[in-house]
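Dear colleague,

Please find below the structure that I am handing over to you. My notes on it follow.

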Amino acid sequence: MNLFSTVNGASIDAHDAVIRFNNEAERMVHVLKEDGMTMEEMPRYVGAKTTLRLINRKYTNQMLQDGVRQEDLAKDEFVAFWNFYSVPYMLYLQERYPKVPMYLLSTDLINWQLAVFSQLRADFYRLGLGPFECYRFLSSGVHGVFMSFLLCGSVDIYGFSTSMDNFKAGFNHGRPSESHSWGFETMLMRLLYFVGATDICNT
C-alpha cells in the first residue's frame, strides 16, 4: 500500500497511543519525492504523534553512526529496542540522546512473542497454507502488534500489507528486508483482522 494515497494523519493522532517503527521518515523520502510531496507534508498523511518507537538492529546502527538527529525523534516518545544486538550500546546511546527515554524489551516478552509466532506459523502449515519464507527475525511491526495485544484494550493497524500481491509494489521505503517472512506476516495480519483481534486500515 502507499501510505500517501489518503489523508489519515488526524485519525492516527487521535489514538491514545501510537507505535511507530525504526526511522520511517528517512526511509520514505523517495516515495514522497515520487508523489511530489515534502517531508513537512508527511504528518498530514501518517500523523505526527509517537508514543513508542520500536527499534531494530539496522536503526540502532543509524543511531550509532549519526544517522539520527535528536530532533528526528518526537518530543514525548520513548524508544524500545527488541534486538539484543543493541545491548552493548545502550549506555552510549543514552548519553548521545539524553532527552529520549530508552528501554530494552525483556527476554521473557521476546521469547513469548517468538513462541506465539512459531506456533501460529506451524498452525498455518497444518491448515495447508504456505510455504512461507524462512526468517531470521520477526519484523518490528509484528513485535509491536503482539506487544499491543498485551497492553491495549483495542488495536488498530495502519500501513501494514495484508497481501503479497501488492506488497513490493506498494512498499514505502526501498527494498523489503530478506530477514523476515513477509508471506506469513501478511497472511497473519489478515487472520488477526478476520478473528476480530484488530482493525486494519490499508487504504
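Is S148 buried or exposed? S148 is buried, with a relative accessible area of 7%; buried means under 20% relative accessible area, exposed over 50%, and partly exposed in between, with a 1.4 Å probe and protein chains only. This residue is found in helix α8. Leaving aside its neighbours within four places in sequence, S148 is in contact (heavy atoms within 4.5 Å) with I19 and V155.

Some remarks on the source are needed here. This is a predicted model, in which local features need pLDDT of at least 70 and side-chain atom pairs count only at pLDDT 80 or more, while totals for chains, interfaces and linings use all residues. Residues are numbered from 1 along each chain as its sequence is written, and side-chain values use heavy atoms, with hydrogens and water left out.

The chain as a whole

The chain has 9 helices and 6 strands; these are DSSP runs numbered from the N terminus, with helices being H or I of at least four residues and strands E of at least two. Of its 203 residues, 43% count as buried.

Helices α7 and α8

Helix α7 (residues 107-126) packs against helix α8 (residues 140-151) at an angle of about 105°, and their axes are 10 Å apart. The axes are lines fitted to C-alpha atoms, for helices over the stretch in contact, and angles run from 0 to 180 degrees between N-to-C directions. That makes α7 roughly perpendicular to α8, a term for angles of 65 to 115 degrees; under 35 counts as roughly parallel, over 145 as roughly antiparallel, and the rest as oblique. On the α7 side, the residues that meet α8 include W112, F117 and L120, and their partners in α8 include H143, F146 and L150.

In the loop between these two helices lies P131. A cis peptide bond joins G130 and P131, with omega at about 5°.

The nonpolar cores

A nonpolar core is a set of buried Ala, Val, Leu, Ile, Met, Phe, Trp, Tyr and Cys residues joined through side-chain atoms within 4.5 Å. The largest one has 15 residues, of which F117, F146, I157, L188 and M189 touch the most other members. Helices α7, α8 and α9 (182-194) each supply at least two residues of this core, and α9 gives the most, with 4 residues. Apart from this core lies another, of 13 residues, among them M63, L64, L73 and V79.

Yours sincerely
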